[in-house]
Amino acid sequence: MAGITSADVARESGVSRTTVSYVLTGREGVSISEETRRRVRETGKRLGYAPSAAARALKTGRSDLVLCILPDWPIGPVIETLLDHLADEVAERGLSVLVHHARGQRPLQDLWRAVTPRAVIGFAPFDDDDLLAMRQAGIQVLGTQGDAAAGPAHRPSEGQIRIGRLQAQQLIATGRRRIAYAWPTDSRVEHFAADRLAGVRRECADHGLPEPEVLPVDLEADSAAAALRTWRHGPDPVTGIAAYNDDVALAILAGLRLHRLECPAQVAVVGVDDAPAARLAEPPLTTISQSIELQAKYLAGLVLAGLGDQAEDEAPAFPGDGMVLVVRGSA
């Protein structure tokens with residue numbers, strides 16, 4: 001069944017389509033009686049009429065889209081969850097999330113000029129020229145390095161360092177004195193891995209422990225088994241492993257099974273992200289949650305507040321770094 005159009009509203013109201021357009025888009029300075037305005041609005045409501053997104057964009061110069069610009073990162077559970085919760089939050093105010101995964105050389109300005117978003121959220125710094133052009137076009141820009149209210153997408157490196165510290169703290173608290181770090185093989189996330197490894201190193205140094213032994217681990221049991229063979233060799237074998245994320249940690253658990261090593265009795269493992277699979281692992285994986293639901297709510301609150309669609313007393317409070325240690329069987 002075709003949707004209700006302004007022509008349907010005009011026919012039912014006994015007025016022209018132009019009058020319907022003026023009334024339902026709130027145009028001022030047009031001589032239309034209050035009685036006619038009331039009749040048109042009531043008819044539109046009764047019929048379930050809603051102006052099209054294209055019409056709203058034509059009137060306001062912007063669509064009802066929140067554009068999220070992702071750099072060339074792998075899309076894992078953290079980003080997926082963040083985007084999912086963000087979409088739920090802004091949908092309640094009639095907004096939709098459009099995700100652009102920045103791969104290739106297409107200029108950013110071609111994209112935002114084509115979709116005319118209400119707001120743009122950057123998960124990596126924008127060029128100064130792009131940032132200035134969007135703001136001059138009246139687009140709300142969030143999540144850039146220069147913003148005082150930068151969202152979780154752009155959490156400073158200290159947040160990532162804290163992840164590594166929490167991993168090492170749990171391993172050390174369970175008696176591990178020789179710790180390894182399972183480095184990811186995807187070069188796109190190396191800057192995150194470097195910060196997390198720095199946190200592990202700092203925690204080890206604070207406790208007078210040796211530097212963590214670092215080896216790359218692919219998402220394969222054989223790759224993890226090869227790393228474990230090196231880590232466990234010699235008179236002082238590794239007994240605790242901080243993995244870059246839960247995917248790498250799950251590979252480590254598979255490698256431990258190949259070596260018939262018990263976890264956590266012989267080797268404890270801590271991941272990052274609290275992915276759904278972490279709870280189903282054997283043993284269940286100890287991990288670091290980044291409280292993505294709270295971060296998404298905060299980010300959505302910034303969008304709505306910037307658009308004037310949120311009362312001042314509803315302005316979002318920054319939820320902190322959101323890092324929470326989730327203790328399960330692997331450590």
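Trainee: How many helices and strands does the protein have?
Mentor: The secondary structure comes to 13 helices and ten strands. Keep in mind that this is a predicted model.

Trainee: What share of the residues is buried?
Mentor: Buried residues make up 45% of the 331 in the protein.

Trainee: And the contacts, what percentage join residues at least 24 apart?
Mentor: That is 71%, taken among contacts between residues at least 6 apart in sequence.

Trainee: How does the chain get from strand 1 to strand 2?
Mentor: The chain passes through helix 5, residues 77–91. This β-α-β crossover is right-handed.

Trainee: And with strand 3, how many bridges?
Mentor: Four, again in the parallel sense, with strand 3 covering residues 119–122. In that pairing I69 stands opposite G122.

Trainee: Why is strand 1 described as largely enclosed?
Mentor: Five of its six residues are buried, so the rest of the structure largely encloses strand 1.

Trainee: Switching to aromatics. How many aromatic pairs are there?
Mentor: The structure holds one. The pair is formed by Y181 and W183, with ring centres 6.3 Å apart.

Trainee: Why is that pair called edge-to-face?
Mentor: The planes of the two rings stand at 65°, and an angle over 60 degrees counts as edge-to-face.

Trainee: Are the two residues buried or exposed?
Mentor: Buried, in both cases. Y181 has a relative accessible area of 0%. W183 has 18%, and the cut-off for buried is under 20%.

Trainee: Next, D8. Where is that residue?
Mentor: D8 is in helix 1, which spans residues 6–13.

Trainee: Is D8 buried or exposed?
Mentor: D8 is buried, because its relative accessible area is 19% and buried means under 20%.

Trainee: Which side chain does the D8 side chain make a polar contact with?
Mentor: With that of R11, at 2.5 Å.

Trainee: Last one, L256. Which helix is it in?
Mentor: L256 is in helix 11, residues 246–258. At 1% relative accessibility, L256 counts as buried.

Trainee: What does L256 touch?
Mentor: Leaving out residues up to four places away in sequence, L256 touches L228, L261, C263, V267 and V269.

Trainee: How far is L256 from V267, C-alpha to C-alpha?
Mentor: Those C-alpha atoms are separated by 8.2 Å, and the two residues are eleven apart along the chain.

Conventions:
Residues are numbered from 1 along each chain as its sequence is written. This is a predicted model: local features need pLDDT of at least 70, side-chain atom pairs count only at pLDDT 80 or more; totals for chains, interfaces and linings use all residues. Side-chain values use heavy atoms; hydrogens and water are left out. Helices (H or I, at least four residues) and strands (E, at least two) are DSSP runs, numbered from the N terminus. Buried means under 20% relative accessible area, exposed over 50%, partly exposed in between (1.4 Å probe, protein chains only). A polar contact is a pair of N or O atoms within 3.5 Å; within protein, one must be able to donate a hydrogen and the other to accept it, and residues adjacent in sequence count only if both atoms are side-chain atoms. A crossover is right-handed if, with the strands pointing away from the viewer, the path from the first strand over the helix to the second runs clockwise. Two strands pair if DSSP finds at least two bridges between them. Rings of Phe, Tyr and Trp (its six-membered ring) pair if their centres lie within 6.5 Å; planes under 30 degrees apart count as stacked, over 60 as edge-to-face and the rest as tilted. Contact means heavy atoms within 4.5 Å.
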